[in-house]
Amino acid sequence: MTFRDQIEQHIDHFAEMPPLCQRLLGYLEDPDVDFKVIRDTIQYDPGLTANVLKLANSVYFGAVQEVASLQAALVRLGTRRIFELVLSLNVSGRLVPALPGYGLEANELLRHSIWTAVAAQELAALLGMKDVDTVFTAGLLHDIGLLLLDPFIAEQHERFGRVMDEQSMAFDQAEKEVLGMDHAEAGARILERWNLGAGMAAAVRWHHAPNEAEENHSLVYLVHLGDMLALSEGVGTGIYGLQFSVSAEPVRALGLKKHHLEYTASKTLDKMRELENILT
Amino acid sequence: MAQIIVDIADMRISKNPGDTLITYSLGSCVGVAIYDPVIGLGGMIHCMLPLSKVDREKAQVRPYMFVDTGMQQMLTRLYEGGLRKARAVIHVAGGSQVLDSQGVFKIGERNFTVLRKILWKNGLLMETQEVGGNRSRTISLDVGTGRFTIKSGGRITHYDLP
């Protein structure tokens, strides 16, 4: 059996989307659903409700006016964003444990993911881009494939060591060479099962190969650049260090200059710290 | 033995021989350790970005985020603490890069360029210069002995006083 086959099997056993999120997603897709049903579904969990409100009032949404209740949050932010917020809170827990294969200690993947999400969102804001609702969540989820591949990486540690010694090879290429699948594809496979929509799946699938995306370019580009900024700042660099390729196309297509990227990095640190307190 | 962690965009100074200054995971950021062996004074900074002009407001609140404002303040504080230019032992590490064949993302390179210029203008020489590549680095300075250590990709290298 090839590694690819083993990974495929592993996807089948991989944890499903959290049940609460599944229910909410179901409601979201139903145009006739009553607002109150969504509110009550979340309110059933007081801890979650408190965290949703904290997030809604955080820099995540650049809140100008405090939202005091779940009802108000739903009205102001809309059900889709509230769903993404609940999903973010659920997923962040899964990003906490150490990943020995990738050489990441506890919390490192979560910090890397939050950094990526904040940077991607800051870039979107800087560019005055509107239709990028999902950018934060896509950034948070972009490396979820690491969870799936970690045991395989650990098992093939020595081969990775050898392949990585060829300095010019990007780590996702090494994953493809050794395992037949990189973490971006693995992550997209999980998201496809979760039914989160084509944009989110594309952002995860192509975050290391943004030129290959056929649609949803803005979202893919923002997540790619957010990820590259996070790696550049040394946030969540495991055995791969900074050995990933940055693509010139997103920089060109979005019309970004060096000072835009550096300005974004300067804004990201403090916002990332605020969110880290909520999400951990 | 106290370990003093220097956060990203921060700077710390110590004169206590039991202390070790440490900063984790320098990617494109640059870390600078400065030590005066005669008075046993050490400082360490972890700068993210080259020039404060990209975000002046942030530079007011977090001067150590930027190489220009950060180094200026670090040197001022060290001179106040008794550092003499002629005795300063300076170690520099970081400035790594993601793979960037088209040169769109040169934060690491720019950080080091600005740093080198500032040191040169101040008449300061680097004892250690471990920059570039695409690994991240963790650095520490033992305030008691002046030993500087770089950890990167499982390798540990010590630099004792010259």
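Modeller: Helices here are DSSP runs of H or I with at least four residues, strands are runs of E with at least two, and both are numbered from the N terminus. Helix H2 of chain B covers residues 67-80 and helix H3 of chain B covers residues 107-121; their axes come within 10 Å and cross at roughly 35°. Those axes are lines fitted to C-alpha atoms, for helices over the stretch in contact, with angles from 0 to 180 degrees between N-to-C directions.

Before going on, please keep in mind that this is a predicted model, in which local features need pLDDT of at least 70 and side-chain atom pairs count only at pLDDT 80 or more, while totals for chains, interfaces and linings use all residues. Residues are numbered from 1 along each chain as its sequence is written, and chains are lettered from A and ligands numbered from 1 in the order in which they are written.

Now to the residues that meet. From H2(B) come B:Val67, B:Asp68 and B:Met71, and they meet B:Asn111, B:Val114, B:Leu115 and B:Ile118 of H3(B). Being in contact means that the C-beta atoms of two residues, placed from the backbone, lie within 7 Å. By kind, the residues of this contact divide into 5 nonpolar, 1 polar and 1 charged. Here Ala, Val, Leu, Ile, Met, Phe, Trp, Tyr, Cys and Pro count as nonpolar, Asp, Glu, Lys and Arg as charged, and the others, Gly among them, as polar.

Let us step back to the chain that holds this pair. Chain B has 3 helices and 10 strands, and along the sequence they follow the pattern β-β-β-β-β-α-α-β-α-β-β-β-β. The radius of gyration of chain B is 15 Å, close to the 15 Å that the globule rule gives for 162 residues, so chain B is as compact as a globular protein of that length. That radius is taken over C-alpha atoms, and the rule is 2.2 Å times the number of residues to the power 0.38. Along the principal axes, the C-alpha atoms of chain B fill a box of roughly 45 × 35 × 25 Å.

Buried residues make up 51% of the 162 residues in chain B; a residue is buried if 20 or more other C-beta atoms lie within 10 Å of its own, exposed if 12 or fewer, and partly exposed in between. One buried residue is B:Ser25, with 21 C-beta neighbours inside 10 Å. B:Ser25 sits in strand E3 (residues 19-26) of chain B, and its phi is near 50°, a positive value in a residue other than glycine. Most residues other than glycine have a negative phi.

Finally, chain B has a partner: 27 of its residues are in contact with 22 residues of chain A. On the chain A side, helices H13 (217-232), H14 (248-253) and H15 (258-279) each give two or more residues. The largest share of that side, 7 residues, comes from H15(A). Chain A itself has 15 helices and 0 strands.
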